[in-house]
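Let us walk through a protein model together, one feature at a time. Please keep the sequence and the 3D view open as you read.

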Amino acid sequence: MTIYNAKYFISNSLNDLRNQTLKNIEIILIDDCSTDGTSGMILDIIRGDHRIKYIRNEQNCGAARSRNMGLKKATGEYIIFLDDDDVFDIHMLEKAYTEAKCKNSDIHVFRSYEIFDDGTNYPMEWSINKDSLPEKEPFSCYDVKGNVFDIFVWWCWDKLFKRNKIIENGILFQEIRTSNDLFFCCANYFLAERVSVTDDVLAYHNMTREGSLSNTRHLSYKCCVEAVRKLRDFLIERELYDHFKNDFFNYLILFFDWHLQTINVDFFENLREEMRKFIRESGMDGFQFDSADKTLKYELIMSGSVKDYQDVISQERKMNIMEMKKKLREKEKEVSDKDDEISILHHELQVLHEKINSLSEMNARLLEDNNKTMHSLNNIAHSRTWKITYPVRYVGSTIKKIIK
């Protein structure tokens with residue numbers, strides 16, 4: 001876990017790790033020169049826990065270099081790279097490791113939720129694309145349905161990596177300020193022979209931390225272009241580019257579009273110019289994209305005005321809001337229907353309880369009546385009258401048998 005100025009989050013994150021149900025773990029903390037009191041908090045939290053290695057950088061190095069430092073220190077069979085402001089299910093490592101070990105996976109991916117300041121959380125259904133998942137498991141990138149890039153989001157905190165495969169592949173984090181996990185995750189994925197997934201939600205990703213790298217990307221807006229350039233060069237070097245070039249071009253437009261949509265408006269045009277340069281040098285002119293939406297985004301990046309792009313973005317956001325509202329209504333209806341079902345079940349249970357109680361009372365009365373009858377018969381059998389009249393009853397019974 002790389003850490004920088006996380007005093008409002010670090011206690012929860014570290015306690016979630018220390019309380020993992022998988023106890024045989026190694027926790028490596030790289031403090032990248034925090035200045036807000038985080039360092040002292042960490043030392044108080046980890047005191048006495050010998051599973052934790054604490055390293056404080058002499059100068060601020062950034063998340064990528066810090067992760068590479070942690071990777072070199074790690075000794076575990078599997079490794080995961082976590083953020084310092086996320087929340088982790090206490091079963092996260094046990095469940096992920098058990099699945100990965102059982103399937104001998106090179107990479108194991110689990111599901112996650114996004115969490116906001118008010119405590120609400122929402123499923124990140126798009127972090128694992130079900131439509132892309134192969135029928136068999138484990139699988140490799142060659143087994144993926146459709147575009148090979150669409151299956152996952154290329155961040156590292158929801159993925160367990162086999163450490164010796166990382167070392168064997170020689171893949172490290174690209175040491176740039178942002179988008180530094182795209183190359184690491186994709187390169188290891190393309191070289192993995194066994195990838196597996198689970199539907200278990202094991203992490204909650206903080207989406208609104210002020211000052212986070214993802215929210216200050218405008219300070220290093222060129223990084224996204226540097227990331228795809230390194231990934232493209234890797235594919236060429238490993239002789240994978242010809243096979244996956246179409247997928248790469250289709251993914252590239254979506255990747256660039258997301259960065260343009262979320263960048264500070266003052267840096268929009270500068271970033272778009274860097275993207276144009278990369279597109280030209282990659283020979284994408286005349287490429288046929290697999291959807292009209294991607295074709296439109298390509299044209300907007302290459303020749304559209306800023307206003308044109310912003311109009312399209314605004315329209316898309318309206319449509320997304322409408323879609324989200326539709327999904328919300330559907331969810332509310334599901335909840336309402338389930339509430340109705342639950343009410344019906346409660347009523348049926350109540351009726352059953354009443355019937356059981358009624359039968360129990362009836363049974364108790366029958367037992368009581370039976371006891372009274374048996375008591376009366378017993379009294380009669382032992383009475384003087386019963387004994388005196390025995391000869392008469394015997395003669396009567398014998399006559400009946402003779403007649404028969």
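A residue is called buried when its relative accessible area is under 20%, exposed when that area is over 50%, and partly exposed in between, using a 1.4 Å probe and protein chains only. Before we use these words, a note on the source: this is a predicted model, in which local features need pLDDT of at least 70 and side-chain atom pairs count only at pLDDT 80 or more, while totals for chains, interfaces and linings use all residues. Residues are numbered from 1 along each chain as its sequence is written, and side-chain values use heavy atoms, with hydrogens and water left out.

Let us begin with the whole chain. The protein chain has 404 residues, and 42% of them are buried. It holds 13 helices and 9 strands; these are DSSP runs numbered from the N terminus, with helices being H or I over at least four residues and strands being E over at least two. A contact means heavy atoms within 4.5 Å. Of the contacts between residues at least 6 apart in sequence, 74% join residues at least 24 apart. The chain exposes about 23300 Å², and carbon and sulfur atoms supply 53% of this; such accessible areas come from the Shrake-Rupley method with a 1.4 Å probe, and for residues only the protein chains shown count as cover.

Now look at the start of the chain. The loop between strand 1 (2–3) and helix 1 (10–18) is the place of N5, and A6 is found in that loop too. N5 has a positive phi of about 45° although it is not a glycine. With 23% relative accessibility, N5 counts as partly exposed, whereas A6, at 1%, counts as buried. A6 and D31 are 25 residues apart along the chain, and their C-alpha atoms are separated by 9.8 Å.

Most residues other than glycine have a negative phi, and most peptide bonds are trans. S179 is not a glycine, yet its phi is positive, near 60°. You will find S179 in the loop between helix 5 (163–169) and helix 6 (180–191), and its 16% relative accessibility makes it buried. A cis peptide bond, with omega about 0°, joins E137 and P138. P138 sits in the loop between strand 7 (121–123) and strand 8 (159–162).

What about empty space? Rolling a probe the size of a water molecule over the atoms shows where empty space is left. On a 1 Å grid over the protein atoms alone, a cavity is a set of points where a 1.4 Å probe fits but cannot get out, while a pocket is an open set with protein on both sides within 12 Å along at least five of seven lines; lining residues have an atom within 4 Å of a point. Grid points are joined across faces, edges and corners, and a volume is the space filled by probe spheres set on the points.

The second largest pocket has a volume of about 610 Å³. Its lining has 26 residues, and I25, E26, Y78, I79 and I80 lie nearest its centre. Strand 2 (27–31), helix 3 (63–73), strand 4 (78–79) and helix 4 (92–103) are the elements that give two or more residues to this lining. The largest share, 4 residues, comes from helix 3. By class, the lining divides into 17 nonpolar, 6 polar and 3 charged residues; Ala, Val, Leu, Ile, Met, Phe, Trp, Tyr, Cys and Pro count as nonpolar, Asp, Glu, Lys and Arg as charged, and the others, Gly among them, as polar.

How many cavities of 30 Å³ or more does a search of the whole structure find? There are 2. The largest cavity has a volume of about 40 Å³, and the residues lining it include F161, K165 and N188. Helix 5 gives the most to this lining, with 3 residues.

At 24% relative accessibility, C61 is partly exposed. Likewise, the sulfur of C185 is 5.1 Å from its closest cysteine sulfur, in C156, too far for a bond, and C185 is buried at 2%. A search of the whole structure finds 0 disulfides.

Conventions:
A disulfide is a pair of cysteine sulfur atoms within 2.5 Å.
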